[in-house]
Amino acid sequence: MTIWEMLAVFAAGVSAGTINTIVGSGTLITFPVLLATGLPPVTATVSNALGLIPGAVSGAIGYRAELAGQRRRILRLGGAAVVGGLSGAVLLLTLPSTAFETIVPILVGLALVLVILQPRLARVVQARREKKGTRSRPDGGPLLFTGLLLASVYGGYFTAAQGIIYLSLMGMLLDDSMQRLNAVKNVLAAIVNSIAALFFLFVADFDWTVVLLIAVGSALGGQIGARAGRRLPPKALRVLIVVVGTAAIVQLLLR
């Protein structure tokens, strides 16, 4: 790897760490760069997964104020992330590389629709609860657990835009602010990346130069993303999610 390729990978890591903390889809920045350096797709995927762990942890630390009071929620939803992330990692090494290519743009598109409609859906759900005299469950119940489990399977397989899917599901099923949900998203992403990378350590080949460059870059980007993302009002954050998600769909379709 040349010095220019190393700089490109580092810059991609910073960008991915930043955008993952705010929205998600950072893998759509790092993955093409890794392929351009000549890495095989599976090696690029597993090296990227391991390298992005410090970025996810850094972003979660940056959102620590918004994580206050969410320990029980994270423990429950984290279980879905562990099982789903491990399952996705196993699928990456057993399924053909094209297995998710058709369904991923559809999943991201549906997630964006839910993000756009989230305020209206939340009002409808709240009105129905008030009419029935019931309260929302702080952990979202079985429906959210199942949805995040499936999203984590995809996250362990590829990770691109998994944060958008997480935010859309939690925004629809949890009565909480976008910033607090974004904080949970960062923790879940860190769990999925970590469990998948731990599995890959025993069964796959890494490019350790790439891992180091992305790790340092994404850790820096996580702090940048946390500082920028926490200042965004809910509407601006929702618009940014839609813009990034739309760009992700276009890139996925053009691959």
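Glu66 forms a salt bridge with Arg230, and their closest N and O atoms lie 3.0 Å apart. A salt bridge here is a side-chain nitrogen of Lys or Arg within 4 Å of a carboxyl oxygen of Asp or Glu. Glu66 sits in helix 5 (residues 64-67) and Arg230 in the loop between helix 11 (208-229) and helix 12 (234-254), so the pair ties together parts that are 164 residues apart in sequence. The model is predicted: local features need pLDDT of at least 70, side-chain atom pairs count only at pLDDT 80 or more, and totals for chains, interfaces and linings use all residues. Residues are numbered from 1 along each chain as its sequence is written, and side-chain values use heavy atoms, with hydrogens and water left out.

The two partners differ in cover. Glu66 counts as buried, at 14% relative accessibility. Arg230 is partly exposed, with a relative accessible area of 37%. Buried means under 20% relative accessible area, exposed means over 50%, and partly exposed lies in between (1.4 Å probe, protein chains only).

The structure holds three salt bridges. Asp176 takes part in a salt bridge with Arg73, where the closest N and O atoms are 3.0 Å apart. Asp176 lies in the loop between helix 9 (162-173) and helix 10, while Arg73 lies in helix 6, so this pair ties together parts that are 103 residues apart in sequence. Asp176 also forms a salt bridge with Arg180, with the closest N and O atoms 2.9 Å apart. Arg73 counts as buried, at 11% relative accessibility. Asp176 is partly exposed at 24%, and Arg180 is partly exposed at 23%. Side chains of opposite charge can pair when their charged atoms come close.

The overall fold is helical. The protein has twelve helices and zero strands. Helices (H or I, at least four residues) and strands (E, at least two) are DSSP runs, numbered from the N terminus. Buried residues make up 50% of the 255 residues. Of the contacts with a separation of 6 or more, 84% join residues 24 or more positions apart. Contact means heavy atoms within 4.5 Å.

The largest nonpolar core has 62 residues. Such a core is a set of buried Ala, Val, Leu, Ile, Met, Phe, Trp, Tyr and Cys residues joined through side-chain atoms within 4.5 Å. Leu144, Leu148, Met170, Leu188, Phe200 and Ile241 have the most contacts inside this core. Helix 10 (residues 178-203) supplies the largest share of the core, ten residues. Leaving aside neighbours within four places in sequence, Phe200 touches Val46, Ala49, Ala89, Leu92, Leu93, Gly156 and Phe206. In soluble globular proteins, nonpolar side chains tend to be buried together.

Leu188 can also be placed against helix 6. Leu75 is found in helix 6 (residues 71-94). The C-alpha atoms of Leu75 and Leu188 are separated by 9.8 Å, although the two are 113 residues apart along the chain. Leu75 counts as exposed, at 61% relative accessibility.

Two further helices show contrasting patterns of burial. In helix 2 (residues 27-36), Thr27, Leu28, Thr30, Phe31 and Leu34 are buried. Seen down the axis of helix 2, these residues fall within an arc of 165°, so they line one face of the helix. The arc is that of the directions from the helix axis to the C-beta atoms. Just after helix 2, Gly38 takes a positive phi of about 100°.

In helix 4 (residues 53-62), seven of the ten residues are buried, so this helix is largely enclosed by the rest of the structure. The buried residues are Ile53, Gly55, Ala56, Ser58, Gly59, Ala60 and Gly62. Their cover includes helix 1 (3-22), helix 3, helix 5, helix 10 and helix 11.

The accessible surface comes to about 11,900 Å², of which 68% belongs to carbon and sulfur atoms. Accessible areas come from the Shrake-Rupley method with a 1.4 Å probe; for residues, only the protein chains shown count as cover. Val42, Leu93, Leu198, Leu201, Phe202, Val203 and Trp208 make a nonpolar surface patch of about 710 Å². Patches are made of residues with over 30% relative accessible area and no salt bridge: like charges are joined within 9 Å, nonpolar side chains (Val, Leu, Ile, Met, Phe, Trp, Tyr) within 5 Å. Helix 10 gives the most to the nonpolar patch, with four residues. Val42 is found in helix 3 (residues 41-51) and counts as partly exposed, at 38% relative accessibility.
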